Amino acid sequence: MDNKSKITETKNTNNKNMGATITLKDMVSVVAGILIVIITGLFILLNFNSEGNDSNMAIEDRYKDFSLGWHLQVGDRDEFVNLPVEIHAEANEAIYLSKTIPRLSQYYAVVTRNFHQELTAYVDDMVIYQFPAEKKILPDFIITDDWNMIHLQESMEGKLLTLKFQTGDYGFSGYIKPAYLGEDNSLIQYLRASTAVSYGMAVSILALGIIFIVLSLIYSKYEDSRSQIIAGLMLAAIGIWVINRSKMPILLVGSSVKFYLAYICLMLEPILIMLYAGEKFKSKNRKVTHGLTIAFIVYVAVVLLAVHILQYPLDQAVPLAYLAIFLSSVYLIRMLWPISFGKESDQLSAFLRHSNRIEIIATIIMVGGVCLGIVFDFVLGSDRLWTDVGVLPKISLNSYAIGQLIVHIYRGYHNVEQREDLQGKLHDSQLELMMGQIQPHFIFNTLSSIRTLVKVDPDTAYNMIYDFSNYLRANVDNVTNLAGISFASEVEHIKSYVNIERVRFGDRLNVEYDIKVSEFTVPPLSIQPLVENAIKHGVVKKIGGGTVWLRSYAEGNYNVVEVEDNGVGFTPERLEEITKSMTEADDFKYMETDAQPNLTGNGSENHKSSGMRNIYLRLREMANAEFEFSSQEGQGTKVRILFPIS
């Protein structure tokens, strides 16, 4: 049996562009963008409040008076009530609230909130307002809750205003909101001021999500940012829902389409959470995560299908979405715990450990805050701070968003620093490889051969000088090249080197080429050193010499390069030493361990091991390649490199 070692690295796609660097200007631009969003949000918030402050007290007093003494009729209930009032109505039952219109001035209006019911306003027997008023795009059962501005005329003073709330097939159980009376512009400013804090916090969640996505796209040059993009989509989706629930009266009448799209975003949230978990923990519990993701997709599809087929009120299906979000968030916390506070965290660097802890704490705060909001809203029926349009869930969501953003900026910048450090090490290793190849004795032997051939075989000397100059030029040109070259160019470099060695070793060296694919990119000075090792440490040391084979071919999703010789091979002990030396490069997992390899190598044996480690490191980091190494003493060695076609 051959002694064989397969050295493969988990796909490390953080290395899309080894030549890219992030600058201070990039970081300043990102921070400036964040500050602009925050300052803009504060400006809007303060502007809404300042515009409404002058008239807030007057409207507050007026609406308190106007919300008193309404005549309520629903089922067997017939009484005078003060708004807000809790009401229970049967399916398709009408709720009537009526009140005599007091003294009016020009531009007066009544503003009230429906709660997913159709609303019709009458003055005496004349219809003056209907909601929804827009052309219906969605089915009748998808009706939003929003502000309704009912414009009045001075001639309506002293007449009876009746508000008819029409329930759907599933009835109604909840509060009829207060009614406001005043000048339309003043009412709008008052309502905007009243909802500005809630709306501003909701917008900030969406803004942070967008910033998160933009940052992820910036960092995609340096790392695999798919999980971070999904995290940004998570924040953006929940931000759209919370903005809808904040009920800022930017438009006078709400839109059922707007509410429906917001609900779709809410239902997508658990799926996004599971996709985020799948990307963040690619190699852990993959089957469980994949299965749960499919389960949530099916769950969301079934809920939406049931809503449409059964015509179940969309607002009453909201708890089903909250349940899915809660379960998926609990699973995310379960996945985060071992790498944050569990035993697995001890194996991570301090940076990763702390960033994971920030993330799990932010996640717990988010889940806890939203759960409290759900309890107070749907269980206790509270109508203030703790509701889903109140402050607490938004505080927790903002805490999560800010925590995620801090971790992302810190992680991205830390990763960029590590990439730049790795780039320097790759450059050093490339320079080391070049200097290792152009050793004084190699130059001396080559020049001595040329000097001898000039007299005895001028044509061969001429060709050797050409090959030697090409060889030197390729080495020097590729010292700073971290972008890669075509395999065809590397083959030409190899041929120049082999032609030189053939002159030196004569019939003892035979090299055969079987190149089926050549138009793909490889790191410079990565294949030629393997051919050189096969010649110097394989066939040349064998009595009578031997053959080196260089092959390339496509296999599945890979372009494969093989360097094989029938030389002396390696003992099992030496093979293990070389394998161990190469896998030391795996310790250089930035952000995953504090250990970094020594790439210099001292002494002849260490230098050989260092050279192989450098080659492996560059193949992995620059080409995302896999490396297979096998050898048998007395029979030869084979190196197989798999370059992903993608």
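## Sheet, helix and aromatic pairs

Val111 stands opposite Tyr180 in strand S12, where strands are DSSP runs of type E with at least two residues and helices are H or I runs of at least four, numbered from the N terminus. The structure is a predicted model, in which local features need pLDDT of at least 70 and side-chain atom pairs count only at pLDDT 80 or more, while totals for chains, interfaces and linings use all residues. Residues are numbered from 1 along each chain as its sequence is written, and side-chain values use heavy atoms, with hydrogens and water left out.

Strand S6 (residues 108-113) pairs with S12 in the antiparallel sense over 4 bridges; two strands are said to pair if DSSP finds at least two bridges between them. An open sheet of 3 strands, antiparallel in its pairing, has the order S9-S6-S12. Its edge strands, S9 and S12 (180-183), each pair on one side only, and the twist from one strand to the next averages 30°. Helix H2 (residues 184-219) lies across S6, S9 and S12 and runs at about 125° to S12, with axes taken as lines fitted to C-alpha atoms, for helices over the stretch in contact (heavy atoms within 4.5 Å), and angles running from 0 to 180 degrees between N-to-C directions.

Rings of Phe, Tyr and Trp (its six-membered ring) pair if their centres lie within 6.5 Å, and planes under 30 degrees apart count as stacked, over 60 as edge-to-face and the rest as tilted. By this rule the count comes to 11 aromatic pairs. One of them, Trp241 with Phe259, is tilted, at 6.1 Å centre to centre and 45° between the planes. This pair links distant parts of the chain, with Trp241 in helix H3 (residues 226-246) and Phe259 in helix H4 (residues 256-280), 18 residues apart. Trp241 counts as buried because its relative accessibility is 3%, and Phe259 is likewise buried at 1%, where buried means under 20% relative accessible area, exposed over 50% and partly exposed in between (1.4 Å probe, protein chains only). Elsewhere, ring pairs link Trp147, Tyr180 and Tyr190 into a cluster.

A charge sits over a ring if NZ of Lys or CZ of Arg is within 6 Å of the ring centre and within 35 degrees of the ring normal; two such cases are tabulated.

| Charged residue | Ring | Distance from ring centre |
|---|---|---|
| Arg113 | Trp147 | 5.0 Å |
| Lys280 | Phe281 | 6.0 Å |

Gly158, in the loop between strands S9 (147-151) and S10 (160-166), counts as exposed at 51% relative accessibility.
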